[in-house]
Structures are given as C-alpha cells and as structure tokens.
Amino acid sequence: MNHLPIVVICTSLIGAFASPVLGKGRPWLPGILARIIVPANAVLLGILLAHVGDVGVFHYFVGGWAPPWGIALNVDYLSLYMAMAIHVISTIILVFARGDLGHEVRLDGHRWYYTLFLLLVAAMTALAFSNDFFNIFVFTEVATIAACALIAIKAYRECVEASFKYLILSTVGSGFILLALALLYMVTGHFNLSLVAGEMAAAAEAYPMNIMVALVLLIVGFGVKSAMFPLHVWLPDAHSSAPSPSSAILSGLVVKIYAVVLIRVILTVFGRGVLSTAPIAEMLLLLSSAAIIGGSLFALAQRDIKRLLAYSTVAQIGYIYLGISLLSESGTMGGLVHIFNHALMKTLLFLAAGAMIHQTGLRDITKLSGIAKKMPITMGVFSIGALSMVGIPGFNGFISKMYLATGAFEAGKPAFIIVILLSSLLNGLYYLPIVVRAFLGAPDEGEVFTRDRIPLSMTIPLVALGLACIYFGLIPGPLLELVRRAAEHLILL
Amino acid sequence: MNDFVLQTVTQILMPFIQVYGIFVVLNGHLSPGGGFAGGTILGASIILYALTVDVKAAEGIYPDERAEMVESASVLVFVLLGLISLMMGRNFLTNIGIFPSPETGTLLTGGFIMPVTLAIGAKVASTVITLFTHLFEEKKS
C-alpha cells in the first residue's frame with residue numbers, strides 16, 4: 001500500500017519509454033498502452049486515498065534512505081488531490097485523443113506523442129508528490145520539455161514558433177528556480193521541504209536577504225511556468241497552436257501543477273512568518289486581480305476559438321492565485337477546488353473546440369454560426385462548459401466562485417468580490433455569444449464540412465466531462481471534503 | 001573533410017577513445033567519472049569519426065533506429081532495477097540488502113550502481129550521437 005505513489009509514477013515512466021519500442025511498426029499500440037496505464041493508475045490512487053484515510057498522511061523514502069540523505073515523497077491530501085485530478089482528466093483526454101490525434105499528428109509520430117504524454121503525466125505526478133527541492137527542479141524540467149515537445153509535434157511553423165517561445169521563457173524560469181534553490185541551500189543546508197521549513201525561522205532571522213530573494217525568484221520562476229499574469233505572454237500561442245488533446249492537458253493541468261508546487265512551497269516552507277515581513281500576499285492579490293480582468297479583456301478581443309480559450313486560462317489561473325493569497329480557509333479551498341473544476345471545464349471546452357475543428361476545419365468564432373444544428377452534442381456540452389465558466393449556479397464553476405467570494409469576506413477584503421463578479425460578467429460576454437450564435441444563428445452557406453460526424457471516442461469524453469461539470473456543481477460534497485483536508489494542511493502551517 | 005592525416009589519426013584513435021569511455025563508465029562508482037562522463041566520451045568518438053571521415057558512414061555505425069531502442073531500453077533498465085527492490089518488499093530503488101555487494105574497491109561492488117551507470121552511459125552516448133546527427137541534418141536542409 002505504501003508503495004503506491006512510486007508505482008503510479010513508475011508505471012507511467014515505463015509506459016513512456018516502452019512506447020517508442022513497442023510502437024515501432026505498430027502505431028496503434030502505444031495509444032492502447034497509455035489508455036490502460038493512466039486509468040489503472042487513477043484506480044490505484046483511489047485505493048491510496050482510502051489507505052491514507054485509514055492510516056493518515058505519510059512520507060515515502062526513495063531507496064529506504066530517510067532525509068536528509070534520501071529523496072522523500074509527501075503523501076498528503078494536497079498531493080493526492082492533484083494526482084487524482086491529473087489522472088482522471090488525462091484518462092478522458094487520452095480517450096478523446098484516440099479519435100482526434102489521427103488528423104493532427106502524422107501516424108509515425110503517434111508513438112512519440114504517447115511517450116511525451118505519459119512522460120508529462122509521470123512528471124506532473126512526481127511534482128505533486130515530491131517533498132524535495134531538487135527533485136522538484138528535475139521534474140519541472142522534465143515536464144517543461146515534454147510539454148514543449150507536445151506543442152511542437154504537429155511540426156507546423158506556428159507550433160514550432162510557439163513551442164520555442166515557451167521553451168525559452170520556461171528555461172529562464174527554470175534558471176530562476178535553480179538560483180532560488182541555491183540560495184535556500186546556502187542558508188538552510190537542506191533540500192528536503194520539511195527540513196528547510198524547520199530551518200526557515202532561524203535562517204530568516206540571520207539572512208533575511210537570501211530568503212526574500214529566494215522567495216521572489218521562486219515566485220517569478222514558477223510564475224512564468226504557470227502563466228501568472230504579466231508573465232503569461234507565451235501561453236496564448238502555445239496553447240492555441242498545439243493539437244487539441246495537448247491544449248487540453250496543457251491548459252487543464254500543466255499550468256496548475258506549477259501553481260500547486262509554488263503554493264506548497266510558499267505556504268509550508270516559507271510560512272506565515274516570512275510572508276508577514278513583506279507584502280508578498282498583497283502583491284499576489286493585485287497580480288491575480290489583474291490576471292482575472294486582463295485575461296478576460298484579452299479573450300474578448302479574440303476571434304480564434306482556441307486563442308480565446310487560452311486567454312481565458314490566464315484569467316482562471318488568476319482565480320487560483322487569488323484564492324490562495326487571500327490566506328483564509330474558504331479562499332484557499334476556493335483556489336484549490338478551482339484547480340479541478342477549471343481542469344474539467346477547460347478540458348471540456350478545448351476538446352469541444354477540437355471536435356469542431358476536426359469536423360469543420362473552422363477556428364474563427366464568427367464563422368461558427370448555426371453549428372449546433374450540425375453538431376448538437378458537441379455544442380451542447382460546450383454550452384455546459386461556457387455556463388460553468390460564467391459561474392451559473394448548478395454548474396461547478398459556481399462552487400469555486402462561491403468559495404472565493406466567501407474567502408474574500410473572511411479575509412476582510414470584500415473589494416475582491418467585485419473583481420470576481422466583474423470577471424463573471426466578462427466571461428459571459430465572450431462565451432455566451434458563441435453559444436447563442438451556434439444555436440440561433442443561421443448556418444453559413446460557405447461552410448466546409450470535411451467529415452460528416454465525429455467518432456464515438458470523441459463524443460463519450462465530451463459527454464462525460466459535461467456530466468461531471470453538472471455533477472460537481474450539484475453534489476460537490478465529497479470533492480469539497482478532500483479539498484478541505486488539503487487546505488487545512490496548507491493553512492495550519 | 002578530406003585530409004589524410006586527420007582521417008588516419010582519427011581511425012587509429014577511435015578504439016582508444018572508446019575503450020577509455022567504457023572504462024570511465026564501468027568505474028563510475030570507483031573513480032571520478034560515471035555514466036554521464038563516460039557516455040559523452042563514447043558518443044564523442046562517433047562524432048569525431050563523423051566530422052573527420054564521413055557522416056553517412058558514422059550513421060551506419062550507429063543508426064537512428066538503434067539509438068531509439070538503446071535510449072528507451074536504458075531508462076527501462078534503471079526503472080526496472082528500482083522495481084526489483086519494490087518486489088522484494090523494500091522501498092523503490094533500495095540497494096543495500098537486495099543487491100549483492102562484494103568487498104569494497106572491486107568492480108562489482110556497490111550493488112546495482114554499476115548496472116545503473118552502464119544504462120546511463122548507453123543512454124548518454126546514444127543521445128549525444130542523435131543530437132549531433134539531427135543538428136547536422138538540419139544544417140544540410
């Protein structure tokens with residue numbers, strides 16, 4: 001039982017590196033392998049969650065070496081929550097990829113696609129569990145490079161350009177992270193998160209400059225990778241030009257895992273003591289408000305549907321940072337629950353957009369008028385995602401926004417409720433016209449339909465995601481219980 | 001590059017470079033060096049051959065398909081070695097008590113460290129060569 005976290009990471013890794021070997025001459029095999037490994041791991045994580053419910057949170061020591069010598073994995077509710085989210089969403093994306101990948105990636109590239117996908121899943125899971133700074137750095141790099149390659153795999157000019165931009169900016173971010181780790185190691189003498197946290201009070205007393213610079217470098221480094229507002233410039237190109245399954249995993253999961261690592265590091269390693277010496281939380285609040293408003297305004301100006309969704313991600317990352325930096329229990333819960341809720345919604349929207357592009361070849365939202373008559377299911381679930389984004393009660397987006405608003409009250413900062421309301425309005429302004437035009441608009445005569453209908457392997461994930469959005473909007477109890485435990489762990493320290 | 005002296009010296013040096021590379025890989029756990037350093041030396045010997053004698057022939061020595069297989073297999077070896085200890089009921093990548101380790105200073109000492117170093121050496125060597133050939137092809141086109 002205790003070995004399950006490492007088993008989950010290792011099976012993904014084995015799948016990733018078995019794909020190019022097994023897929024040689026059998027391009028269909030790696031996809032099947034991935035579609036077996038990831039759901040199986042989701043089940044294993046469910047068993048692990050039940051086990052942790054019985055015995056409590058624990059640390060796993062790789063190689064049997066306890067810290068400070070060995071690498072430790074931290075099996076707590078936050079890491080389990082993220083790992084579950086990663087595996088559940090990835091499973092759905094993988095099923096969708098079965099139908100969609102064929103027309104986006106050349107057949108001989110499929111085995112590399114699944115290699116990169118599984119590598120990305122393994123690296124993200126390891127990031128969720130890791131309790132060691134250097135391990136975090138290594139898996140940050142693995143995830144970044146796998147993500148860049150997932151964008152560039154289409155080998156179109158704009159994909160390569162977007163991927164290169166992402167790679168350069170991410171590498172600068174990695175450099176910042178490495179520098180921050182060096183500064184922390186200098187003054188604490190440890191890489192293990194718990195041990196660094198133990199040394200933090202004394203180190204902050206003796207070397208306040210080192211600690212503050214390290215904190216800022218970590219925020220900027222992970223901020224670039226998680227597209228925190230002024231550092232988001234790479235995101236729209238990267239997420240809109242990638243193949244649709246890649247866009248879904250990049251927007252739904254990859255940017256958030258960096259946010260979670262940053263949150264864990266800020267709250268559990270640096271802690272309230274260091275945060276109170278400088279207005280870090282206030283700055284994060286302002287930046288995330290700017291992200292929420294700015295991202296939505298940029299999205300309003302887009303005509304390409306995938307670019308619109310990408311800018312919307314910038315705004316939604318703002319929600320997550322807003323919730324966390326309110327430093328109240330409901331706010332933290334709102335930020336954390338939005339990670340999963342937004343992953344559901346944005347995956348749904350990107351996959352629905354992918355299905356539309358798959359069927360019609362159109363990306364321009366003004367040309368999608370009347371498309372609901374040709375693709376009622378796709379457009380129906382797209383509407384669920386859009387309503388969820390706006391935060392209509394009964395959909396899961398409402399739950400996150402309710403907790404964020406409550407958190408703002410609890411923290412004594414009701415001004416941020418206006419930000420949340422304003423952004424809901426803006427979300428409505430750019431999502432609802434697409435829905436209205438699709439259902440009520442007259443079908444354009446000049447439509448180009450290259451295929452008559454999408455395969456079942458694309459419809460099933462879309463419907464599943466749509467139902468999940470409604471389910472977690474109506475019955476959020478179990479999810480909120482898990483998130484409450486994860487938030488308690490963060491807030492107590 | 002059509003230079004007789006360069007080509008002859010390269011061809012004479014190649015086995016020595018490679019033997020040295022293998023030595024550094026095998027003694028990774030006993031002396032300075034290791035999988036990464038030794039793998040780079042091994043890869044460099046093929047790159048040297050490609051630069052001075054013939055790129056096509058160098059690709060014949062170490063074709064792309066083989067590089068793919070070696071790169072994947074070496075990672076799998078590392079992970080599977082770690083999983084052996086898991087199957088024996090110990091933590092992932094546990095070495096002491098699972099893998100035999102004869103007296104200190106001999107080649108087989110250190111349990112699974114030497115097989116792991118070998119895998120890393122193979123991986124690094126073939127990655128260095130693949131990187132070179134891909135960059136070279138790009139320049140050509």
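This is a predicted model: local features need pLDDT of at least 70, side-chain atom pairs count only at pLDDT 80 or more; totals for chains, interfaces and linings use all residues.
# Briefing on chains A and B

Ala343(A) counts as buried because 24 C-beta neighbours lie inside 10 Å of it, where 20 or more are needed for that label.

**Surroundings of Ala343(A)**

- Ala343(A) is placed in helix H13 of chain A, which covers residues 329-360.
- Leaving aside residues up to four places away in sequence, Ala343(A) touches Ala85(A), Ile89(A), Gly252(A), Leu253(A) and Lys256(A).
- Although Ala343(A) and Leu465(A) are 122 residues apart along the chain, their C-alpha atoms are separated by 9.9 Å.

**The largest nonpolar core**

- The largest nonpolar core holds 214 residues, and within it Leu120(A) and Met124(A) are the ones that touch the most other members; the element that gives the most to this core is helix H10 of chain A (residues 244-275), with 19 residues.
- Met124(A) touches Ile86(A), Ala143(A), Leu253(A), Val254(A) and Ile257(A), when residues up to four places away in sequence are not counted.

**Helix H10 of chain A**

- H10(A) is mostly covered, with 28 of its 32 residues buried.
- Between its end C-alpha atoms H10(A) spans only 39 Å, whereas a straight helix of 32 residues would span 46 Å at 1.5 Å a residue.
- H10(A) also contains a kink of about 60 degrees, and this kink is centred on Val269(A).

**Helix H2 of chain A**

- Helix H2 of chain A (residues 29-55) has 27 residues and reaches 39 Å from its first C-alpha to its last, which is close to the 39 Å expected at 1.5 Å a residue.
- The buried residues of H2(A) are Pro30(A), Gly31(A), Leu33(A), Ala34(A), Ile37(A), Val38(A), Asn41(A), Leu45(A) and Leu48(A), and what covers them includes H1, helix H3 (77-100) and helix H4 (110-129) of chain A.
- Just after H2(A), Gly56(A) adopts a positive phi of about 90 degrees.

**Strands S1 and S2 of chain A**

- Strand S1 of chain A (residues 58-61) pairs with S2(A) in the antiparallel sense over 4 bridges, and the bridge partner of Phe58(A) in S2(A) is Val75(A).

- The secondary structure of chain B consists of 5 helices and 0 strands, and its elements run α-α-α-α-α from the N terminus on.
- The C-alpha trace of chain B spans about 60 × 30 × 20 Å along its principal axes, and buried residues make up 33% of the 141 residues in this chain.
- Among the contacts in chain B between residues at least 6 apart in sequence, 64% join residues that are at least 24 apart.
- Between the two chains, 13 residues of chain A are in contact with 15 residues of chain B; on the side of chain A that touches chain B, helix H1 (residues 4-22) gives the most, with 8 residues.
- The residues on that side of chain A divide into 10 nonpolar, 3 polar and no charged.

Technical notes
Residues are numbered from 1 along each chain as its sequence is written. Chains are lettered from A and ligands numbered from 1 in the order in which they are written. A nonpolar core is a set of buried Ala, Val, Leu, Ile, Met, Phe, Trp, Tyr and Cys residues joined through C-beta atoms within 7 Å. A residue is buried if 20 or more other C-beta atoms lie within 10 Å of its own, exposed if 12 or fewer, and partly exposed in between; C-beta atoms are placed from the backbone. Helices (H or I, at least four residues) and strands (E, at least two) are DSSP runs, numbered from the N terminus. Two residues are in contact if their C-beta atoms, placed from the backbone, lie within 7 Å. Ala, Val, Leu, Ile, Met, Phe, Trp, Tyr, Cys and Pro count as nonpolar, Asp, Glu, Lys and Arg as charged, and the others, Gly among them, as polar. Two strands pair if DSSP finds at least two bridges between them. The expected span of a helix is 1.5 Å times one less than its number of residues. The bend at a residue is the angle between axes fitted to the seven residues ending there and the seven starting there.
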